[in-house]
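Let's take a walk through this structure together, one piece at a time. Keep the sequence and the 3D view handy as you read.

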Amino acid sequence: MLQHKFRKIYSIQLILFLLIVVFLSGCATSKKKKLRARRLDTIIQTARSYTGTPYKWGGVNRSGMDCSGLLYVSFKAGDVNIPRVSRDQAKVGKKVKFRKLEKGDVVFFAMGKRRRKITHAGLVTEVRGKNDVRFIHASSSVGVVEANIYTDYYTKKFRKARRYF
């Protein structure tokens, strides 16, 4: 009888312990998600603050910006260090499938004659729907703008996507 009471008490303590562990791990996960969301907001707000900035090869400021420079400066504002050049930016982070793009993902394109060579990059700013995913980039013709990746032009030139954190 005494042994039965100890088992019952032990079982209750074990259940309480497990509930506390689950609760605390949920809090940690929630904190990580909030931190990630804040970082993404900072990164995207920084990128958007350059909207209208003219394109300049090698540029990293308001007088002129190139595509990889826009990403470099924006991620740096969110305390995320990435390489400076798009071909190197395309080598880091977690691979993401085109249909699984999320806010904060980086998309890479081959804009030149060589269909495999990464020459352009942008940052996903918003997923509005199945065929409406906005990204910001420094276009050589119009400067820093947001566009829908689901156009023939961009889908044909898309090569890969990465998630840095």
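Start with a facing pair: Leu-123 stands opposite Ile-136 in strand β6. Before going further, a quick word on what you're looking at: this is a predicted model, where local features need pLDDT of at least 70, side-chain atom pairs count only at pLDDT 80 or more, and totals for chains, interfaces and linings use all residues. Residues are numbered from 1 along each chain as its sequence is written, and side-chain values use heavy atoms, with hydrogens and water left out.

Helices and strands here are DSSP runs numbered from the N terminus (H or I of at least four residues for helices, E of at least two for strands). Strands β5 and β6 pair in the antiparallel sense over five bridges, where pairing calls for at least two DSSP bridges between the strands. A hairpin of two residues joins β5 to β6.

How enclosed is β6? Seven of its eight residues are buried, so the rest of the structure largely encloses this strand. Buried means under 20% relative accessible area, exposed means over 50%, and partly exposed is in between (1.4 Å probe, protein chains only).

Back to Leu-123. Leaving out residues up to four places away in sequence, Leu-123 touches a list of residues that includes Ile-43, Ala-47, Leu-71, Phe-75, Val-106 and Phe-135; a contact here is heavy atoms within 4.5 Å. Leu-123 and Phe-75 have the most contacts inside the largest nonpolar core, which has 22 residues. Such a core is a set of buried Ala, Val, Leu, Ile, Met, Phe, Trp, Tyr and Cys residues joined through side-chain atoms within 4.5 Å. Two or more residues come from each of α1 (2-49), α2, β4 (106-109), β5 and β6 (132-139), and α2 gives the most, with five. A second, separate core has 14 residues, among them Phe-109, Ala-147, Tyr-154 and Phe-158. In soluble globular proteins, nonpolar side chains tend to be buried together.

Now for that helix. α2 (residues 67-77) is mostly covered, with eight of its 11 residues buried; Leu-70, Leu-71, Val-73 and Phe-75 are among them. Just after α2, Asp-79 takes a positive phi of about 60 degrees.

Charged residues are next. By the rule used here (a side-chain nitrogen of Lys or Arg within 4 Å of a carboxyl oxygen of Asp or Glu), the count comes to 10 salt bridges. One of them joins Asp-105 and Arg-163, at 2.6 Å from N to O. Asp-105 sits in the loop between β3 (94-96) and β4, while Arg-163 is in β8 (residues 158-163), so this pair ties together parts 58 residues apart in sequence. Both Asp-105 and Arg-163 are buried. Lys-91 and Asp-88 also form a salt bridge, at 3.7 Å, but Lys-91 is exposed, at 59% relative accessible area, and Asp-88 is partly exposed, at 29%.

One last stop: a network of salt bridges links Arg-48, Glu-126, Arg-128, Asp-132, Arg-134 and Glu-146. Within β5, Thr-125 is buried, at 3% relative accessibility, and its contacts beyond four places in sequence include Arg-48, Arg-134 and Glu-146.
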